[in-house]
Amino acid sequence: MATIPPSMPASTANWHWKNKTVTPWAKAWFERELPTISVKGDGEENVSISKVVDVDGDVELGQRKSKLITIYDCKVVLQWSGTASDGTEVEGKLTIPEVSHEVTLDRLSDYAYEWSLETSSSPAVDALYALARARLPTALETKFAEFPAAIIETHGKDLTISAEPSRQASPAPTGSAASKASASSSTAAVIKPAVKKAASSVNTATISVDAHFMAAADDLFDLLTNEQRIPAWTRAPAQSVAKPDTEYSLFGGSVRGKYISLTPANEIVQSWALQSPAWPDRHVAMLTTRLEQGSDSTKVTWTLSGVPLGMEEETTRNLQGYYIHGLKSIGYVQLFPYTPPPPSPSSPKRNAKKAPAAVKANPYSQYIIVILAFVVLVAAFCMRYLYE
(Lines give C-alpha, C1' and ligand atoms only; values in the text may rest on other atoms or scores of the structure.)
Protein backbone atom coordinates (compact mmCIF):
# COMPACT_ATOMS: atom_id res chain seq x y z
CA MET A 1 0.00 0.00 0.00
CA ALA A 2 1.30 3.44 -0.88
CA THR A 3 2.36 5.60 2.04
CA ILE A 4 0.34 8.81 2.55
CA PRO A 5 2.76 11.74 2.66
CA PRO A 6 2.68 13.87 5.79
CA SER A 7 0.84 17.19 5.59
CA MET A 8 2.78 20.45 5.42
CA PRO A 9 3.85 21.58 8.91
CA ALA A 10 1.91 24.56 10.26
CA SER A 11 5.11 26.60 10.58
CA THR A 12 5.77 26.13 6.87
CA ALA A 13 2.20 26.78 5.74
CA ASN A 14 1.97 29.97 7.82
CA TRP A 15 5.16 31.36 6.28
CA HIS A 16 3.42 32.23 3.01
CA TRP A 17 2.22 35.69 2.12
CA LYS A 18 -1.57 35.74 2.40
CA ASN A 19 -4.19 38.47 2.24
CA LYS A 20 -7.91 38.52 2.95
CA THR A 21 -10.17 41.46 2.10
CA VAL A 22 -12.64 42.10 4.92
CA THR A 23 -14.05 45.51 3.91
CA PRO A 24 -17.77 44.52 3.98
CA TRP A 25 -17.33 42.97 7.43
CA ALA A 26 -15.46 46.08 8.64
CA LYS A 27 -18.28 48.41 7.52
CA ALA A 28 -20.79 46.24 9.37
CA TRP A 29 -18.54 46.36 12.47
CA PHE A 30 -18.44 50.16 12.45
CA GLU A 31 -22.21 50.36 11.91
CA ARG A 32 -22.79 48.02 14.85
CA GLU A 33 -20.19 49.23 17.34
CA LEU A 34 -19.95 53.00 16.94
CA PRO A 35 -23.62 53.77 17.71
CA THR A 36 -23.06 52.23 21.16
CA ILE A 37 -20.88 55.22 22.12
CA SER A 38 -22.46 57.73 24.49
CA VAL A 39 -21.08 60.36 26.90
CA LYS A 40 -22.71 62.50 29.60
CA GLY A 41 -22.11 65.99 30.90
CA ASP A 42 -22.07 67.26 34.44
CA GLY A 43 -25.84 67.74 34.42
CA GLU A 44 -28.58 66.21 32.30
CA GLU A 45 -26.70 66.65 29.04
CA ASN A 46 -25.84 63.56 26.99
CA VAL A 47 -24.35 63.00 23.54
CA SER A 48 -24.16 59.81 21.47
CA ILE A 49 -23.32 58.52 18.02
CA SER A 50 -26.74 58.02 16.46
CA LYS A 51 -25.78 56.68 13.04
CA VAL A 52 -22.86 55.69 10.82
CA VAL A 53 -23.48 57.60 7.59
CA ASP A 54 -20.61 56.26 5.49
CA VAL A 55 -17.42 54.19 5.69
CA ASP A 56 -15.13 54.64 2.69
CA GLY A 57 -11.87 52.73 2.36
CA ASP A 58 -10.21 49.31 2.29
CA VAL A 59 -9.66 46.82 5.10
CA GLU A 60 -7.48 43.71 4.79
CA LEU A 61 -5.87 41.14 7.04
CA GLY A 62 -2.45 39.96 5.92
CA GLN A 63 -0.11 37.22 7.08
CA ARG A 64 3.64 37.40 6.64
CA LYS A 65 6.17 35.07 8.29
CA SER A 66 3.47 33.62 10.59
CA LYS A 67 2.45 37.11 11.77
CA LEU A 68 -1.02 38.57 11.22
CA ILE A 69 -1.02 42.21 10.16
CA THR A 70 -4.04 44.51 9.90
CA ILE A 71 -4.05 46.74 6.81
CA TYR A 72 -6.75 49.39 6.74
CA ASP A 73 -7.39 53.03 5.92
CA CYS A 74 -10.97 54.34 6.15
CA LYS A 75 -12.85 57.63 6.14
CA VAL A 76 -15.75 57.49 8.60
CA VAL A 77 -18.74 59.87 8.54
CA LEU A 78 -21.03 59.86 11.61
CA GLN A 79 -24.27 61.46 12.75
CA TRP A 80 -24.24 62.54 16.38
CA SER A 81 -27.12 63.73 18.55
CA GLY A 82 -27.80 64.76 22.12
CA THR A 83 -30.06 66.50 24.58
CA ALA A 84 -29.10 69.94 25.89
CA SER A 85 -29.66 71.11 29.46
CA ASP A 86 -32.88 72.88 28.44
CA GLY A 87 -34.22 69.75 26.74
CA THR A 88 -33.40 70.83 23.16
CA GLU A 89 -32.62 67.95 20.81
CA VAL A 90 -29.32 68.68 19.09
CA GLU A 91 -27.89 67.04 15.97
CA GLY A 92 -24.73 67.31 13.91
CA LYS A 93 -22.22 65.46 11.76
CA LEU A 94 -18.70 64.28 12.45
CA THR A 95 -16.17 63.24 9.80
CA ILE A 96 -12.98 61.37 10.67
CA PRO A 97 -10.83 61.48 7.50
CA GLU A 98 -8.43 58.70 8.53
CA VAL A 99 -9.00 55.65 10.68
CA SER A 100 -5.97 53.51 9.87
CA HIS A 101 -3.39 51.07 11.18
CA GLU A 102 -0.83 53.87 11.16
CA VAL A 103 -2.93 56.14 13.37
CA THR A 104 -4.45 53.52 15.68
CA LEU A 105 -1.45 51.25 16.30
CA ASP A 106 1.69 52.96 14.99
CA ARG A 107 0.70 56.40 16.32
CA LEU A 108 2.33 58.10 13.34
CA SER A 109 -0.24 60.91 13.58
CA ASP A 110 -3.28 61.95 15.62
CA TYR A 111 -6.90 61.51 14.67
CA ALA A 112 -8.47 64.49 12.90
CA TYR A 113 -12.11 65.45 13.52
CA GLU A 114 -14.31 67.62 11.30
CA TRP A 115 -17.40 68.80 13.20
CA SER A 116 -20.65 70.41 12.08
CA LEU A 117 -23.74 71.55 14.02
CA GLU A 118 -27.14 71.18 12.35
CA THR A 119 -29.29 72.66 15.16
CA SER A 120 -29.82 76.41 15.56
CA SER A 121 -27.41 77.96 18.01
CA SER A 122 -28.35 78.87 21.56
CA PRO A 123 -26.43 78.94 24.87
CA ALA A 124 -27.66 75.44 25.81
CA VAL A 125 -27.04 74.05 22.32
CA ASP A 126 -23.55 75.55 22.17
CA ALA A 127 -22.73 74.02 25.56
CA LEU A 128 -23.78 70.59 24.34
CA TYR A 129 -21.77 71.07 21.13
CA ALA A 130 -18.70 71.84 23.25
CA LEU A 131 -19.38 68.71 25.32
CA ALA A 132 -19.51 66.57 22.17
CA ARG A 133 -16.22 67.99 20.85
CA ALA A 134 -14.52 67.50 24.21
CA ARG A 135 -15.60 63.97 25.15
CA LEU A 136 -16.68 62.02 22.06
CA PRO A 137 -13.14 61.79 20.56
CA THR A 138 -11.80 59.91 23.59
CA ALA A 139 -14.70 57.45 23.48
CA LEU A 140 -14.29 56.96 19.72
CA GLU A 141 -10.54 56.34 19.97
CA THR A 142 -11.13 53.75 22.66
CA LYS A 143 -13.53 51.94 20.33
CA PHE A 144 -11.16 52.28 17.35
CA ALA A 145 -8.43 50.60 19.43
CA GLU A 146 -10.62 47.48 19.57
CA PHE A 147 -10.93 47.27 15.78
CA PRO A 148 -7.56 45.58 14.90
CA ALA A 149 -8.10 42.89 17.54
CA ALA A 150 -11.62 42.28 16.24
CA ILE A 151 -10.29 41.77 12.70
CA ILE A 152 -7.75 39.19 13.85
CA GLU A 153 -10.17 37.43 16.17
CA THR A 154 -12.81 37.10 13.44
CA HIS A 155 -10.68 36.38 10.38
CA GLY A 156 -7.29 35.22 11.65
CA LYS A 157 -8.35 31.59 11.59
CA ASP A 158 -8.92 31.87 7.83
CA LEU A 159 -5.24 32.66 7.25
CA THR A 160 -3.45 30.78 10.03
CA ILE A 161 -3.18 27.01 9.90
CA SER A 162 -3.37 25.41 13.33
CA ALA A 163 -0.68 23.02 14.49
CA GLU A 164 -3.23 20.97 16.45
CA PRO A 165 -4.44 17.67 14.92
CA SER A 166 -7.61 17.98 12.88
CA ARG A 167 -10.73 16.29 14.25
CA GLN A 168 -11.49 15.13 10.73
CA ALA A 169 -8.28 13.13 10.44
CA SER A 170 -8.24 9.33 10.40
CA PRO A 171 -8.63 7.84 13.92
CA ALA A 172 -5.50 6.55 15.63
CA PRO A 173 -5.07 2.75 15.59
CA THR A 174 -5.93 0.96 18.82
CA GLY A 175 -5.33 -2.48 20.31
CA SER A 176 -3.66 -5.05 18.08
CA ALA A 177 -3.65 -2.67 15.11
CA ALA A 178 -1.45 -0.29 17.06
CA SER A 179 1.00 -3.05 18.02
CA LYS A 180 1.23 -4.23 14.41
CA ALA A 181 1.90 -0.72 13.23
CA SER A 182 4.61 -0.35 15.89
CA ALA A 183 6.26 -3.62 14.87
CA SER A 184 6.24 -2.81 11.19
CA SER A 185 7.71 0.64 11.78
CA SER A 186 10.98 -0.90 12.97
CA THR A 187 11.65 -2.33 9.53
CA ALA A 188 10.10 0.43 7.47
CA ALA A 189 12.33 2.62 5.37
CA VAL A 190 13.07 6.06 6.79
CA ILE A 191 11.12 8.77 4.95
CA LYS A 192 13.42 11.68 4.12
CA PRO A 193 12.03 15.23 4.21
CA ALA A 194 11.27 16.79 0.87
CA VAL A 195 14.14 18.72 -0.61
CA LYS A 196 13.59 22.07 -2.28
CA LYS A 197 14.00 22.23 -6.02
CA ALA A 198 17.37 23.30 -7.26
CA ALA A 199 17.40 26.71 -8.91
CA SER A 200 18.39 25.26 -12.28
CA SER A 201 15.26 23.07 -12.51
CA VAL A 202 12.67 25.78 -11.87
CA ASN A 203 10.24 26.70 -14.63
CA THR A 204 9.33 30.37 -14.36
CA ALA A 205 6.98 33.07 -15.62
CA THR A 206 6.88 36.87 -15.66
CA ILE A 207 4.25 38.96 -13.90
CA SER A 208 3.59 42.70 -13.93
CA VAL A 209 1.51 45.17 -11.93
CA ASP A 210 1.24 48.94 -12.28
CA ALA A 211 -0.44 51.96 -10.71
CA HIS A 212 -0.61 55.72 -11.13
CA PHE A 213 0.24 57.86 -8.09
CA MET A 214 -0.28 61.56 -7.55
CA ALA A 215 3.40 62.13 -6.72
CA ALA A 216 6.64 63.10 -8.42
CA ALA A 217 8.84 60.34 -9.83
CA ASP A 218 11.90 61.40 -7.82
CA ASP A 219 9.87 61.29 -4.57
CA LEU A 220 8.59 57.77 -5.34
CA PHE A 221 12.10 56.64 -6.29
CA ASP A 222 13.39 57.84 -2.91
CA LEU A 223 10.48 56.22 -1.09
CA LEU A 224 11.24 52.85 -2.72
CA THR A 225 15.00 52.92 -2.01
CA ASN A 226 15.62 55.09 1.06
CA GLU A 227 16.21 52.94 4.14
CA GLN A 228 14.69 55.63 6.39
CA ARG A 229 11.45 55.92 4.37
CA ILE A 230 10.80 52.30 3.34
CA PRO A 231 9.37 51.22 6.75
CA ALA A 232 6.63 53.84 6.37
CA TRP A 233 4.90 51.82 3.63
CA THR A 234 6.14 48.28 4.48
CA ARG A 235 5.44 48.61 8.22
CA ALA A 236 8.53 46.50 8.87
CA PRO A 237 12.30 46.99 9.24
CA ALA A 238 14.34 47.44 6.06
CA GLN A 239 17.95 47.56 4.93
CA SER A 240 18.77 49.51 1.80
CA VAL A 241 21.67 51.47 0.36
CA ALA A 242 20.66 52.70 -3.09
CA LYS A 243 23.84 51.74 -4.92
CA PRO A 244 24.51 49.04 -7.53
CA ASP A 245 25.87 45.72 -6.22
CA THR A 246 24.61 46.33 -2.66
CA GLU A 247 22.23 44.02 -0.82
CA TYR A 248 18.83 45.08 0.47
CA SER A 249 16.15 43.56 2.72
CA LEU A 250 12.43 44.42 2.87
CA PHE A 251 9.43 43.42 5.01
CA GLY A 252 11.57 42.39 7.96
CA GLY A 253 13.71 40.05 5.84
CA SER A 254 10.88 38.41 3.91
CA VAL A 255 12.30 39.76 0.64
CA ARG A 256 16.03 39.95 -0.04
CA GLY A 257 18.18 40.71 -3.03
CA LYS A 258 20.78 42.99 -4.54
CA TYR A 259 20.52 46.22 -6.50
CA ILE A 260 21.71 45.74 -10.08
CA SER A 261 21.23 49.25 -11.46
CA LEU A 262 19.49 52.44 -10.36
CA THR A 263 18.50 55.38 -12.54
CA PRO A 264 17.08 58.11 -10.26
CA ALA A 265 13.44 58.96 -10.90
CA ASN A 266 13.37 56.46 -13.77
CA GLU A 267 14.23 52.80 -13.08
CA ILE A 268 15.30 50.32 -10.39
CA VAL A 269 16.62 46.87 -11.36
CA GLN A 270 17.18 44.45 -8.50
CA SER A 271 17.39 40.73 -7.83
CA TRP A 272 14.47 39.51 -5.74
CA ALA A 273 14.03 36.38 -3.62
CA LEU A 274 11.24 35.49 -1.24
CA GLN A 275 12.41 33.98 2.04
CA SER A 276 9.75 31.28 2.22
CA PRO A 277 9.75 27.47 2.22
CA ALA A 278 7.54 27.65 -0.87
CA TRP A 279 10.22 29.59 -2.80
CA PRO A 280 12.80 27.28 -4.48
CA ASP A 281 16.16 27.13 -2.74
CA ARG A 282 18.76 29.60 -4.09
CA HIS A 283 16.33 30.74 -6.78
CA VAL A 284 16.47 34.46 -7.62
CA ALA A 285 13.98 36.46 -9.66
CA MET A 286 14.56 39.89 -11.22
CA LEU A 287 12.37 42.88 -10.32
CA THR A 288 12.37 45.93 -12.59
CA THR A 289 10.55 49.02 -11.33
CA ARG A 290 9.92 51.72 -13.94
CA LEU A 291 8.68 55.22 -13.13
CA GLU A 292 7.08 57.32 -15.87
CA GLN A 293 6.53 60.95 -14.90
CA GLY A 294 3.37 62.49 -16.33
CA SER A 295 1.96 66.00 -16.17
CA ASP A 296 0.07 65.41 -12.92
CA SER A 297 0.97 61.86 -11.84
CA THR A 298 3.58 59.12 -12.08
CA LYS A 299 2.98 55.62 -13.45
CA VAL A 300 4.93 52.93 -11.58
CA THR A 301 5.28 49.48 -13.17
CA TRP A 302 6.70 46.50 -11.29
CA THR A 303 7.80 43.66 -13.58
CA LEU A 304 8.99 40.49 -11.84
CA SER A 305 10.61 37.87 -14.07
CA GLY A 306 11.58 34.44 -12.81
CA VAL A 307 8.47 33.69 -10.73
CA PRO A 308 8.17 29.90 -10.20
CA LEU A 309 5.26 28.38 -12.07
CA GLY A 310 2.29 27.94 -9.77
CA MET A 311 3.15 31.02 -7.71
CA GLU A 312 2.14 33.66 -10.28
CA GLU A 313 -1.29 34.45 -8.83
CA GLU A 314 -0.12 34.57 -5.21
CA THR A 315 2.92 36.71 -6.02
CA THR A 316 0.85 39.13 -8.15
CA ARG A 317 -1.65 39.50 -5.33
CA ASN A 318 1.10 40.27 -2.86
CA LEU A 319 2.84 42.78 -5.13
CA GLN A 320 -0.47 44.62 -5.32
CA GLY A 321 -1.14 44.27 -1.60
CA TYR A 322 2.28 45.05 -0.16
CA TYR A 323 3.71 47.47 -2.74
CA ILE A 324 0.74 49.33 -4.27
CA HIS A 325 -1.55 49.22 -1.23
CA GLY A 326 1.43 49.97 1.02
CA LEU A 327 2.10 53.23 -0.83
CA LYS A 328 -1.61 54.02 -0.89
CA SER A 329 -1.88 53.48 2.88
CA ILE A 330 0.51 56.37 3.62
CA GLY A 331 -1.32 58.89 1.49
CA TYR A 332 0.06 58.33 -1.99
CA VAL A 333 -3.24 58.53 -3.86
CA GLN A 334 -3.67 55.93 -6.58
CA LEU A 335 -5.18 57.33 -9.77
CA PHE A 336 -7.05 55.50 -12.49
CA PRO A 337 -6.32 57.15 -15.85
CA TYR A 338 -9.26 57.72 -18.18
CA THR A 339 -9.28 55.58 -21.32
CA PRO A 340 -11.57 56.97 -24.05
CA PRO A 341 -13.99 54.49 -25.64
CA PRO A 342 -13.09 53.20 -29.12
CA PRO A 343 -14.81 54.98 -32.04
CA SER A 344 -17.93 53.39 -33.46
CA PRO A 345 -17.44 51.32 -36.64
CA SER A 346 -19.60 53.69 -38.70
CA SER A 347 -17.52 56.79 -37.94
CA PRO A 348 -14.61 56.14 -40.37
CA LYS A 349 -17.03 55.52 -43.25
CA ARG A 350 -18.79 58.83 -42.75
CA ASN A 351 -15.47 60.66 -42.51
CA ALA A 352 -14.21 58.90 -45.64
CA LYS A 353 -17.20 60.11 -47.67
CA LYS A 354 -16.84 63.70 -46.50
CA ALA A 355 -13.11 63.96 -47.13
CA PRO A 356 -13.21 63.93 -51.00
CA ALA A 357 -15.94 66.57 -51.00
CA ALA A 358 -13.82 68.84 -48.85
CA VAL A 359 -10.83 68.32 -51.12
CA LYS A 360 -12.86 69.19 -54.22
CA ALA A 361 -14.24 72.34 -52.62
CA ASN A 362 -10.84 73.90 -51.98
CA PRO A 363 -9.91 74.98 -55.60
CA TYR A 364 -13.35 76.57 -56.34
CA SER A 365 -13.39 78.47 -53.08
CA GLN A 366 -10.17 80.25 -54.12
CA TYR A 367 -11.73 81.46 -57.42
CA ILE A 368 -14.86 82.65 -55.64
CA ILE A 369 -12.78 84.75 -53.26
CA VAL A 370 -10.88 86.40 -56.14
CA ILE A 371 -14.12 87.22 -58.02
CA LEU A 372 -15.73 88.71 -54.93
CA ALA A 373 -12.68 90.87 -54.30
CA PHE A 374 -12.75 92.13 -57.90
CA VAL A 375 -16.48 93.01 -57.65
CA VAL A 376 -15.84 94.97 -54.46
CA LEU A 377 -13.08 96.97 -56.11
CA VAL A 378 -15.22 97.82 -59.16
CA ALA A 379 -18.13 98.86 -56.96
CA ALA A 380 -15.89 101.12 -54.92
CA PHE A 381 -14.54 102.77 -58.12
CA CYS A 382 -18.03 103.31 -59.58
CA MET A 383 -19.50 104.75 -56.40
CA ARG A 384 -17.30 107.84 -56.82
CA TYR A 385 -18.79 108.73 -60.26
CA LEU A 386 -22.33 108.01 -59.18
CA TYR A 387 -22.12 110.58 -56.42
CA GLU A 388 -20.64 113.20 -58.82
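This is a short tour of a predicted model, stop by stop.

Local features are reported only at pLDDT of at least 70 and side-chain atom pairs only at pLDDT 80 or more, while totals for chains, interfaces and linings use all residues. Residues are numbered from 1 along each chain as its sequence is written, and side-chain values use heavy atoms, with hydrogens and water left out.

**Stop 1: two helices**

Select residues 23-33, helix α2, and residues 147-159, helix α5. Helices here are DSSP runs of H or I with at least four residues, and strands are runs of E with at least two, numbered from the N terminus. The axes of α2 and α5 come within 11 Å and cross at roughly 130 degrees. Axes are lines fitted to C-alpha atoms, for helices over the stretch in contact, and angles run from 0 to 180 degrees between N-to-C directions. The two helices are therefore oblique to each other; under 35 degrees would count as roughly parallel, over 145 as roughly antiparallel, 65 to 115 as roughly perpendicular, and the rest is oblique.

**Stop 2: salt bridges**

Side chains of opposite charge can pair when their charged atoms come close. A salt bridge here is a side-chain nitrogen of Lys or Arg within 4 Å of a carboxyl oxygen of Asp or Glu. The whole structure has 11 of them.

Are K143 and E33 buried or exposed? Both are buried, where buried means under 20% relative accessible area, exposed over 50%, and partly exposed in between (1.4 Å probe, protein chains only).

Next, select R135 and D42, a salt bridge with closest N and O atoms 3.5 Å apart. R135 lies in helix α4 and D42 in the loop between β2 (38-40) and β3 (46-64), so the pair ties together parts 93 residues apart in sequence. R135 is partly exposed at 35% relative accessibility, and D42 is exposed at 77%.

Then select R235 and E102, whose side chains meet in a salt bridge of 2.8 Å, N to O. E102, at 4% relative accessibility, counts as buried.

**Stop 3: helix α10**

Last, select V378 in helix α10 (residues 346-387). At 35% relative accessibility, V378 is partly exposed.
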